[in-house]
Amino acid sequence: MKRLLTGDGIRKTRFHDYCGNRIDLKGIVYLPHAVATTLIFKLFGYRPALPWLGFRGIRALDALIQPDWRVLEFGCGTSTVWLAKRAREVVSIEHDPSWFDVVSERLQRSNLTSVDIRLQGGDDYERIPEPESSFDLALVDGLFRSRASEVAVRTVRTGGWIYLDNCDVQDADHKGARAILLNAADHVRFFTDFYPTYVGVNQGMLVRVK
């Protein structure tokens, strides 16, 4: 019963994030979407063509991204294809060789040539050869989030945006990433939301770089 109510046993309930924030009434609207996509994924292995982010975070990014933008992504996946269909160029950094191969094949099947997908470990993030202020948006959603956030702050232009997923997670890496981005921000939005293919609430944050 506890597993049913809390999901992973750490949250107070499936309606709370790791910081104890309860989803608001507007967010409850997405509960049926979370349940439906979770059942379909578990029964048939089908995952919707959406980033694995909160539903309202996805909507905010969809409204924000412009066709001429360059996007930096840490942690590739369905988000990579989704971003590539909206932005001019996506540079996607992935640390796992097997997952890198899976996503690379998906990109080839989708005939998406605007993605520069790179296999690179967290220890090498400091050597990502991208000029300062060369991206319009960065998505931090993988391992080594503090290091990724440092690179994002350096490479996203003033007035550009950085989205950090799972900013409510209470380990040192996620807390460090959150602090780095808050220090670099002149505007912050938080999204406490349900996710596709997961019946539980997590938090993401979208910051505008000052």
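# Close-up views of a predicted model

**Figure 1. Helix α3 spans residues 31–44.** In this predicted model, helix α3 has 14 residues. From first C-alpha to last, α3 reaches 20 Å, close to the 20 Å expected at 1.5 Å a residue. Ala34, Thr37 and Thr38 are its buried residues. Viewed down the axis of α3, these buried residues fall within an arc of 105°, so they line one face of the helix. Pro32, Leu43 and Phe44 are exposed on the other side of α3. The cover over the buried residues of α3 includes one helix, α4 (55–64). It also includes the strands β6 (185–195) and β7 (198–209). Just after α3 comes glycine 45, with a positive phi of about 75°.

**Figure 2. The protein chain has eight helices and seven strands.** Of the 210 residues, 50% count as buried. Take the contacts between residues at least 6 apart in sequence: 61% of them join residues at least 24 apart. The chain exposes about 10400 Å². Carbon and sulfur atoms supply 56% of that area.

**Figure 3. Cysteine 167 and cysteine 76 are both buried.** How many disulfides does a search of the whole structure find? The search finds zero. A disulfide is a covalent bond between the sulfur atoms of two cysteines. For cysteine 167, the closest cysteine sulfur is in cysteine 19, 7.0 Å away. Cysteine 167 has a relative accessible area of 2%. For cysteine 76, the relative accessible area is 8%.

**Figure 4. Serine 79 sits in helix α5 (residues 78–84).** Is serine 79 buried or exposed? At 6% relative accessibility, serine 79 counts as buried, because the cut-off for buried is under 20%. Setting aside residues up to four places away in sequence, serine 79 touches Pro51, Glu73 and Leu139.

**Figure 5. Threonine 80 also lies in helix α5.** Threonine 80 is buried, with a relative accessible area of 0%. Which residues are in contact with threonine 80, leaving aside its neighbours within four places in sequence? They are Glu73, Ser92, Val103, Leu107 and Val115. Isoleucine 117 is 37 residues from threonine 80 in sequence. In space, the two are 8.9 Å apart, C-alpha to C-alpha.

**Figure 6. Serine 133 has a positive phi of about 60° although it is not a glycine.** Most residues other than glycine have a negative phi. Where is serine 133 found? Serine 133 is in the loop between β3 (115–119) and β4 (135–140). At 42% relative accessibility, serine 133 counts as partly exposed, because that value falls between the cut-offs of 20% and 50%.

**Figure 7. Threonine 197 has a positive phi of about 60° and is not a glycine.** The loop between β6 and β7 holds threonine 197. Those two strands are also part of the cover over the buried residues of α3. Threonine 197 is buried, with a relative accessible area of 9%.

**Figure 8. Aspartate 168 is placed in the loop between β5 (156–164) and α8 (172–184).** Aspartate 168 is buried, and its relative accessible area is 0%. Neighbours within four places in sequence are left aside in what follows. Aspartate 168 is in contact with Asp17, Tyr18 and Cys19, among others. Its contacts also include Arg178, Asn202 and Gln203. Aspartate 168 and glutamine 203 are 35 residues apart along the chain. Their C-alpha atoms are separated by 5.5 Å.

Note on methods:
Residues numbered from 1 in each chain as written. Predicted model: local features only at pLDDT ≥ 70, side-chain atom pairs only at ≥ 80, totals over all residues. Heavy atoms only, no water. Helix = DSSP H or I, 4+ residues; strand = E, 2+ residues; numbered from the N terminus. Expected span 1.5 Å × (residues − 1). Buried < 20%, exposed > 50% of the residue type's maximum accessible area, 1.4 Å probe, protein only. Arc of directions from axis to C-beta. Contact = heavy atoms within 4.5 Å. Areas by Shrake-Rupley, 256 points an atom, 1.4 Å probe, with all protein chains shown as cover. Disulfide = S-S within 2.5 Å.
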